[in-house]
Amino acid sequence: MSASPSFSPLTGEPRVRPFASTPSRTLRRYDRLAFGLSVVSGLIILALLAGILYQLVFLSVPALQRFGFGFLTSTEWDPVHEQFGALPFLYGTLVSSAVALLIATPFGIGTALFLTEMAPKNVRDIIAFVVDMLAAIPSVVYGLWGIFVLAPFIQEDLSPVLQKYLGFLPLFQGRNDGVSMLTAGIILAIMVVPFITAISREVLLTAPADLKAASLALGATKWETIWKVVLPYSRIGIGGGIVLALGRALGETMAVTMVIGNMPEISASLLRPGHSMAAVIANEFREADSAIYLSALVAVGLVLFVVALVINLAARLLLWRMRGVAKN
Amino acid sequence: MNWNCVKLNLTAATAALLISGCGQPGGPVPVNADGAGGASDSLMGGGSSFVYPVMNRWTSDYNKKTGVQVNYQSLGSSGGVKQFTVKTLDFGATDAPMNEEQLAEVKEPVLHIPVVMGAVAVTYNIAGLKAPLTLSGPLIADIYQGKIKKWNDPAIVALNSGVALPDADIVSVRRADGSGTTFIFADFLAKTSPEWEKNIGVGNSLEWPADSIGGKGNEGVSAQVQRQANSIGYVELVYALEAKLPVAAIINQAQKPVLPSVESVTAAAAELTTVPEDLRMSITNATGDGAYPMAGITWVVARETMDDASKAAALKQFFTYILSDESQAKANELKYSKLPEKLLTPAREKVAQIKGKP
């Protein structure tokens, strides 16, 4: 047994004895094996992604050929007369996700700050657990809650207030039937808050205690310390959490389709129903009875894939730039 | 390999497990519990989600009776037709007959066999309304096209004299997912409203012209209708009856208002004057005083000549079973409408035509 390699429990790396001249032969064999396995798993992921992309492109070719660029700019979605345009779905996905992030970001970061900087230990553990639990609730349960609790609340309580005080904005005009873009945004916000909170919390914990102590010693208040020391130090990590939340919001299907109203329409008002890319695929795929209809739905999937990719890449670039600035 | 399979099949303990394993195409032909040799003991079917509850009952009763395992998956009608076309399934089930394009893809003669009927009910949520509402095709078409906006519109009042209708905006609710229910609904509206036919047409999914809320599935639509004051929606009759939703009487071709019920749907098909030879037909807007006009047929589809003779024999036995008076009565218990004699006889004749490749 003494010949078997030992590993550090912290890093998982083989323990290297400082005085051993070279690793034993067995150790090197395990090394090669581990290396091979890692490379293969990495390649499988790449191949999977490439395969999915290939299949999406391949199956959406008929629709893209027939409708061309108009597929992205047309608002008509008429399965009976085989006219397909994805703009209302694209719009709905982007707007509902944006609403979700606008609401979830302050709440998520606020919760994380409360947990790391202010809450007493026992409260912290309970709240952290509850926030994590939010991520474990199945989306169909969120959807049901959305239909029976959130939608009536928005219809009867929230939207009259919004219309009274902010009704001059096109965002809050028109009749509200409970199900709407705003309802979808709020449901999504609740669903993605745990992502932002969990990651922000981890990142905030890494803010160096000596910097915080120094700031306080210089006479800064707790709030100034958080605002000027802790948050700037953590903003890149928090940004990563927001990107992760956005990815979740873009792809969410079940909860969204239950509360968004499923109306392929572009309306400036958040109180009106809308539709989303993931929802239309899930709803109509089963009974898509012509080849071009199926192809159009796959093309919507391709657009969703590309949007998720572009947003992720853009966010990465932004974070890299911020990191670069932070170093200087 | 084959020998092993047969030999092991004899040991009672593992029989149940292996029967399904040996019943695959190319495997040996086991003897089923009835003792009728030459018939496969497992069948794969799928499609219409509408027919799933009764199909489930039929397959489980059939399994108890004969030991034959029929797996029916609720894939949706289009899914069933697609998988039947590529031979993943031995038979499909669909709420809309296969169109010419779909039939051409199969490249072999396909039999359409009606098995059960259903209807679409119009449901609504108007506080304090006791008497059932009466609506007509053109009226429903106008509501869903946004031309009639209020419940106390003169056109609605004209059909419902003596009913106190509120001065409130109508909120129309419809299916968001593709569905045979939408197909039957639109088919009836297209037959009664030329405008609907011209502007919207008939399909499993439609381009809805006016503001409306899309609910996912029957339960999605009924949840929205129940929640939303002054709303209107359409759901499968089975669903409306089970959930005890208020349903509207619909004016039929004979200008009589008819409430949807298990019997009024059978009546819709009973008075058909002509039944097409291939049994692909629509029973919306049927003639006859008691015929409910928003009704539809569910068919099972099968190849006339199947590659595997043992499958053909098994399919024939199963279809004969579901078209038996006993099975049709079971469908009635589950609030499906049974086939009238006028359809049962030609359906049974179609079943007799199924054969295996020589």
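Visitor: What makes a residue pair across the interface of chain A and chain B count as a polar contact, and how many are there?

Guide: The test is a pair of N or O atoms within 3.5 Å, one able to donate a hydrogen and the other to accept it. In this predicted model, 16 residue pairs across the interface of chain A and chain B pass, both partners being at pLDDT 80 or more.

Visitor: Why is Asp169(B) with Arg175(A) called a salt bridge?

Guide: The closest N and O atoms of that pair are 3.9 Å apart. The cut-off is 4 Å, so the pair qualifies.

Visitor: Which elements of chain A supply the side that touches chain B?

Guide: S1 (77-78), H5 (139-166), H9 (254-259), H10 (277-284) and H11 (291-327) of chain A each supply at least two residues. H5(A) gives the most, with five. By class, that side of chain A divides into 17 nonpolar, seven polar and 10 charged residues.

Visitor: How much area is buried between the two chains?

Guide: About 2700 Å², with 45% of it from carbon and sulfur atoms. On chain A's part, Met263(A), Arg286(A) and Glu287(A) supply 24%, more than any other three residues.

Visitor: What makes the largest void a cavity rather than a pocket?

Guide: A 1.4 Å probe fits in a cavity but cannot get out, whereas a pocket is open. The largest cavity has a volume of about 120 Å³. Among its 16 lining residues, those closest to the centre are Glu284(A), Arg174(B), Ala176(B), Leu206(B) and Trp208(B).

Definitions and conventions:
Residues numbered from 1 in each chain as written. Chains lettered and ligands numbered in written order. Predicted model: local features only at pLDDT ≥ 70, side-chain atom pairs only at ≥ 80, totals over all residues. Heavy atoms only, no water. 1 Å grid on protein atoms, 1.4 Å probe; cavity = no way out; pocket = protein on both sides within 12 Å on 5 of 7 lines; lining within 4 Å. Points joined across faces, edges and corners; volume = space filled by probe spheres on them. Buried area = accessible area lost by both parts, 1.4 Å probe. Salt bridge = Lys/Arg side-chain N within 4 Å of Asp/Glu carboxyl O. Polar contact = N/O pair within 3.5 Å; in protein donor to acceptor, adjacent residues only side chain to side chain. Helix = DSSP H or I, 4+ residues; strand = E, 2+ residues; numbered from the N terminus. Nonpolar A, V, L, I, M, F, W, Y, C, P; charged D, E, K, R; others polar.
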